[in-house]
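This report is a guided reading for someone meeting the structure for the first time. Please keep the sequence and the 3D view at hand while following the sections below.

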Amino acid sequence: MSIKRDSISVGVAVGAAGAAFGAVAVASHFSVLQACVLSLFLFSGASQFALVAIIGGGGSPWSAIATGAFLGTRNGLYGIRMAGLLHNRGWRRVVAAHVTIDESTGMAIAQENVEQARTAFWYTGFGVFFFWNLFTLLGALGAKEIGSAASWGLDVASPSIFVAVLWPRLKELRPKITALVAVAWALSITHFVPVGVPILTTVIIAVFAGWN
Amino acid sequence: MSSTWIVVIATSFAAFSLKFIGHLIPESWLEKPRVERITNYIPVVLLSGLIAMQTLTDKTKIVIDHRLAGLTVAFIAVIAKLPFPVIIIGAMATSAIFYRYRI
């Protein structure tokens, strides 16, 4: 099954970046246990990196919590889309919410039918969760040996995955233009607003694109 | 309990709550054609913005570096319809080579 294989390879590639997180967290004076708890329960790369950067840089706890939560807002928006696909109830909905991230959503929307989309969502969600946590632990323990994420190409794992999941969805002109406008918008305001705002505000473009 | 632990737990709780709220929105709200079209576009715009930010920025500055080389390879591999693992590994290897040899 290529959906399962693809989903698991996303899990491995994105999960491997967890090693970078573990190493950065320990370098920012977090304990190995704190790094692992963040990967298990916060489980959102952008929020995790922002949080350790702020605390490690001597920032206030409040700004760390606010920034971490703000960067997680995106997942709430994905949740709206994924809930309509998964139709979960009870504890399954709780688990689905926890693994609602960029990658699981991206892989789900790239599929052709509902059944495949669900398979992609769960396999990617659990795949990333498993490997992200495994590599966080390894990275935290071996912080000094790893070096930078960039020297292993880990910093392009997720953007290249997103190109792969998005491209097949952009066949028609309207989604193509929408994606390009989102890119242009995010890049043009990045210099003037806090981290996270350029991405989140692209939602305005989704509203315009879907209005009529 | 240290303030770091409070940050770890509070942010985890906030992030999960946000995810869960998204899943709790009643389906009947989403069945209107306009709302459905907009929620379909949301992952497209967020992921597009994310690609741009992860490839071309460092914090709030625009930078062109090894990552763009990796992403270019990913893009070519996607257009050539190569298998998924090949796309990811090709992009990562390219970016790592550019980074290590400071091309």
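## Burial and the overall model

A residue is called buried here if 20 or more other C-beta atoms lie within 10 Å of its own, and exposed if 12 or fewer do, with C-beta atoms placed from the backbone. By that criterion, buried residues make up 45% of the 103 residues in chain B, while in chain A they make up 58% of the 212 residues.

The structure is a predicted model, and its scores are an ipTM of 0.91 and a pTM of 0.87. For chain B the average pLDDT is 93, with 99% of the residues scoring at least 70. Within the elements of that chain, the lowest mean pLDDT, 82, belongs to α2(B), and the highest, 97, belongs to α4(B). Where pLDDT is low, the predicted coordinates should not be read in detail.

## Chain A

The secondary structure of chain A consists of 12 helices and 0 strands. Its radius of gyration is 17 Å, close to the 17 Å that the globule rule gives for 212 residues, so chain A is as compact as a globular protein of that length. Along the principal axes, the C-alpha trace of chain A spans about 50 × 45 × 35 Å. When contacts in chain A between residues at least 6 apart in sequence are considered, 72% of them join residues at least 24 apart.

## The two domains of chain A

The domain assignment divides chain A into domain 1, covering 2–157, and domain 2, covering 171–212. Taken over C-alpha atoms, the centres of these two domains of chain A are separated by 23 Å. The contact between them takes 7 residues from domain 1 and 5 residues from domain 2 of chain A. On the side of domain 1 that touches domain 2, helix α4 (residues 61–86) of chain A gives the largest share, with 6 residues, and the residues of that side divide into 4 nonpolar, 2 polar and 1 charged.

## Two residues of chain A

Is Trp132(A) buried or exposed? Trp132(A), which lies in helix α7 (residues 114–141) of chain A, counts as buried because it has 26 C-beta neighbours inside 10 Å. Leaving aside neighbours within four places in sequence, Trp132(A) is in contact with Val14(A), Gly15(A), Gly18(A) and Ser39(A). Trp132(A) and Ala17(A) are 115 residues apart in sequence, yet their C-alpha atoms are 7.1 Å apart in space.

Lys171(A) lies in the loop between α9 and α10 (173–189) of chain A. Lys171(A) is exposed because 8 other C-beta atoms lie within 10 Å. From C-alpha to C-alpha, Lys171(A) and Ala149(A) are 33 Å apart in space, although 22 residues separate them in sequence.

## Chain B

Chain B has 5 helices and 2 strands, which follow the pattern α-α-α-β-β-α-α when read along the sequence. A compact globule of 103 residues would have a radius of gyration near 13 Å, but the value for chain B is 19 Å. Its C-alpha atoms fill a box of roughly 50 × 50 × 25 Å, taken along the principal axes. Among contacts in chain B between residues at least 6 apart in sequence, 27% join residues at least 24 apart.

Helix α5(B) has 17 residues and reaches 24 Å from its first C-alpha to its last, close to the 24 Å expected at 1.5 Å a residue. Its buried residues include Phe84(B), Ile87(B), Met92(B), Phe98(B) and Tyr99(B). The buried residues of α5(B) pack against α1 (2–27) and α9 (157–166) of chain A, together with α4 of chain B. After α5(B) comes Arg102(B), whose phi is positive, near 50 degrees.

## Where the chains meet

How many residues does the contact take from chain B and from chain A? The contact takes 65 residues from chain B and 79 residues from chain A. On the side of chain B that touches chain A, the elements giving two or more residues are α1 (3–24), α2 (27–30), α3 (33–56), β2 (61–62), α4 (66–79) and α5 (84–100) of chain B. The largest share of that side, 21 residues, comes from α3(B). By residue type, the side of chain B that touches chain A divides into 40 nonpolar, 17 polar and 8 charged residues.

Technical notes: Residues numbered from 1 in each chain as written. Chains lettered and ligands numbered in written order. Predicted model: local features only at pLDDT ≥ 70, side-chain atom pairs only at ≥ 80, totals over all residues. Contact = placed C-beta atoms within 7 Å. Helix = DSSP H or I, 4+ residues; strand = E, 2+ residues; numbered from the N terminus. Nonpolar A, V, L, I, M, F, W, Y, C, P; charged D, E, K, R; others polar. pLDDT = per-residue confidence, 0-100. Domains from an automatic or database assignment. Expected span 1.5 Å × (residues − 1). Rg over C-alpha atoms; globule rule 2.2 N^0.38 Å.
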